[in-house]
Amino acid sequence: MRILHILDHGLPLHSGYTFRTRALLKAQIARGWEVAAVTGPRHGDYDAADEVIDGLQFFRTPAVNSPVPILGEWREVARFARRIRKVAKAFRPDILHAHSPVLDAMAGQRAADRLKLPFVYEIRAFWEDAAVGNGTGSEGNWKYNLTRALETRAVRKADAVAVICEGLRGDLGRRGIDPRKIFVSPNGVDLDMFGEPLAYDQALGRELGVEGGETIGFIGSFYDYEGLDVLIDAMPELVRMRPDMHLILVGGGPCEAALKARAAASPVAGRIKFIGRVPHHAVDRYYSLIDVLVYPRKKMRLTDLVTPLKPLEAMAQRKLVAASDVGGHRELIRDGDTGTLFKPDDAHALARSVAGVFGDRDHWEARRARARSFVEIERNWAVNVARYDSVYQKLAQSAEKKPAWSHRTVAKA
């Protein structure tokens, strides 16, 4: 089986998007499939039009320089579609597999129609809701409604649709999409990357001034929807209840400056540590210092519909997790069993809940073990990749999809 993936961006960039992509492609290769990927005009700078990174083949698409809204996106789709066709003619895939946002689906569908190839569209989040969550869009305005309409159209045209969680599947069902064409490929963890956690890094703990204390933390991107302002606001109450408490924030993003200003104005500013972005290979050192990873996502469509990746990575690291009680977190965390859920957008509820976790140390090891087991059994990419098997095989054998190279025998997985 030969799969050509169509991506917004990819390695060597680091994001939740690229980490999911890496895990999926590595798992498909381990299954015996041949895979390659085409990144779109928004990937940014690249070293070569055809490059191998971390053992994965990437083909690049030049950026489009157009400041005019809609016209610029239209040109991106056209250029991307041409690049996909060119790569596909050389790679000769059995399946074209596009990943959100919807511009990728539009370009991929054009190429699939021209080449008579089966087309899978995978949705990781709805682009219009992601724009609202990132502060670059408004729910219900013309751009939001146009993007939503394009998304619905793309899903209707695709031969099969993968979504990362039940929230997205339910939303598509409410749009009248045939449920038989939708399947869930949940966020997962590559356990080869997140194996046994590091021992406590005493040198780093001393450097940060947290050695011997209690630590909570967040590792990820600093977007408004992540609710890190609520986490910072909870710190004074947490320190009153747990006098040795420290907060470690690793990462960066659009809200970084505002969060630093908020922390500086806090009466417990000295207990809040901003680390900045760190190389991916160094992240484990910071995980080793943090007792409880906290994910205080705000309640909105994006967070109710979409499951994040970071809590799974933390559970794979045998770390305790506490998260806001929104739909995306409820698909990952069983309250009081594999983690703790607290009322969203409420600093007081966050502080009381997290303080309660620290007051229950006798059950920490059992909870860590249950969370790790959940990841190993239900969110391990080595297992999850099988969800694509029957979908790919059925589409590759479709009598209606016959590319010029369809005389090849489709390899069994």
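This is a predicted model: local features need pLDDT of at least 70, side-chain atom pairs count only at pLDDT 80 or more; totals for chains, interfaces and linings use all residues.
**Entry 1: the cores**

I began with the inside of the protein. I remembered that nonpolar side chains in soluble globular proteins tend to be buried together. Here the largest nonpolar core has 58 residues. I noted the residues with the most contacts inside it: Ile216, Leu231, Met235, Leu238, Leu249 and Leu350. Which helix gives the most to this core? I found that helix α8, residues 228-241, does, with eight residues. There is also a second, separate core of 46 residues, and I wrote down Ala98, Met106, Leu117 and Val306 as some of its members.

**Entry 2: Leu350 up close**

Next I picked Leu350 and looked up its neighbours, leaving out residues up to four places away in sequence.

**Entry 3: α8 against α14**

Leu350 is one of the α14 residues that meet α8, and this took me to the helix pair. I reminded myself that two packed helices are described by the angle between their axes and the distance between the axes. Helix α14 covers residues 347-358. α8 and α14 pack at an angle of about 50 degrees, with their axes 8 Å apart. That angle makes α8 oblique to α14. The crossing of the two is right-handed.

Which residues of α8 meet α14? I listed Val230, Leu231, Asp233, Ala234, Glu237, Leu238 and Met241. Facing them in α14 are Ala347, His348, Leu350, Ala351, Arg352, Val354 and Ala355. Sorted by class, the residues of this contact are 10 nonpolar, one polar and three charged.

**Entry 4: α4 against α5**

I then looked up another pair, helix α4 (residues 127-134) and helix α5 (residues 142-157). Their axes are 8 Å apart, and the angle is about 145 degrees. From α4, the contact uses Trp127, Glu128, Asp129 and Val132. From α5 come Tyr144, Thr147, Arg148 and Glu151. How many residues of each class are in this contact? I have three nonpolar, one polar and four charged.

**Entry 5: Tyr200**

Last, I went to Tyr200, which sits in the loop between β8 (182-184) and α7 (202-208). Is Tyr200 buried or partly exposed? Its relative accessibility is 35%, so Tyr200 counts as partly exposed. Tyr200 touches Gly205, Val210, Glu211, Gly212, Ser288 and Leu289, again leaving out residues up to four places away in sequence. I also checked Tyr200 against Val132: they are 68 residues apart in sequence and 38 Å apart in space, C-alpha to C-alpha.

Terms used: Residues are numbered from 1 along each chain as its sequence is written. Side-chain values use heavy atoms; hydrogens and water are left out. A nonpolar core is a set of buried Ala, Val, Leu, Ile, Met, Phe, Trp, Tyr and Cys residues joined through side-chain atoms within 4.5 Å. Buried means under 20% relative accessible area, exposed over 50%, partly exposed in between (1.4 Å probe, protein chains only). Helices (H or I, at least four residues) and strands (E, at least two) are DSSP runs, numbered from the N terminus. Contact means heavy atoms within 4.5 Å. Axes are lines fitted to C-alpha atoms, for helices over the stretch in contact, and angles run from 0 to 180 degrees between N-to-C directions. Angles under 35 degrees count as roughly parallel, over 145 as roughly antiparallel, 65 to 115 as roughly perpendicular and the rest as oblique. A crossing is left-handed if the near helix is turned anticlockwise from the far one by less than a right angle, and right-handed if clockwise. Ala, Val, Leu, Ile, Met, Phe, Trp, Tyr, Cys and Pro count as nonpolar, Asp, Glu, Lys and Arg as charged, and the others, Gly among them, as polar.
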